[in-house]
Amino acid sequence: MQQVKDVQLIAREGERSAALAWREIGGGTGPITRALVDSGVAPQHLTIVERNPIFCRLLTHRFPNLRILCGDAENLSNVLGINDMERLGAVVSSLPRIAD
């Protein structure tokens, strides 16, 4: 899957540029999460935000060492907390884009 290969490339580049605080918006079932972890993003630097409670439970089961937050990306500052927003080094998302 090209999307996973793209994320792996981004993760490798991000590690070289010391962008350690990673956030994935819309973790879904975890293919991008898996690519990030497999590419060397440290679990303590990776937080996943997913709004679907079923997917949150699935991600928590698949990635017990990661911080999985159940919440909506539209309220990201509330989900992460304002202090967490200031420390972001990289944000990855495969959410579909909807034009207004």
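Biologist: What share of the contacts in the protein chain with a separation of 6 or more comes from residues 24 or more positions apart?

Modeller: The model is predicted, so local features need pLDDT of at least 70 and side-chain atom pairs pLDDT 80 or more, whereas totals for chains, interfaces and linings use all residues. Residues are numbered from 1 along each chain as its sequence is written, and side-chain values use heavy atoms, with hydrogens and water left out. A contact means heavy atoms within 4.5 Å. Among contacts in the protein chain with a separation of 6 or more, the share from residues 24 or more positions apart is 56%.

Biologist: In what order do the elements of the protein chain run from the N terminus?

Modeller: Elements are DSSP runs numbered from the N terminus: helices are H or I with at least four residues, and strands are E with at least two. The protein chain has 5 helices and 4 strands. From the N terminus on, their order is α-β-α-β-α-β-α-α-β.

Biologist: Which side chain makes a polar contact with the side chain of Glu24?

Modeller: Glu24 lies in strand 1, residues 22–25. Apart from neighbours within four places in sequence, the residues in contact with Glu24 include Ile32, Leu36, Val49 and Val92. A polar contact is a pair of N or O atoms within 3.5 Å; within protein, one must be able to donate a hydrogen and the other to accept it, and residues adjacent in sequence count only if both atoms are side-chain atoms. At 2.4 Å, the partner of the Glu24 side chain is Thr33.

Biologist: How far away is the nearest side chain of opposite charge to Glu24?

Modeller: Lys and Arg count as positive and Asp and Glu as negative, while His and the chain ends are not counted. A salt bridge requires a side-chain nitrogen of Lys or Arg within 4 Å of a carboxyl oxygen of Asp or Glu. Glu24 is buried and has no salt bridge, where buried means under 20% relative accessible area, exposed over 50%, and partly exposed in between (1.4 Å probe, protein chains only). The nearest side chain of opposite charge, Arg34, is away by 10 Å.

Biologist: Is Arg51 buried or exposed?

Modeller: Arg51 sits in the loop between strand 2 (46–50) and helix 3 (53–62). Leaving aside neighbours within four places in sequence, Arg51 is in contact with Cys70, Gly71 and Asp72. Because the relative accessible area of Arg51 is 60%, this residue is classed as exposed.
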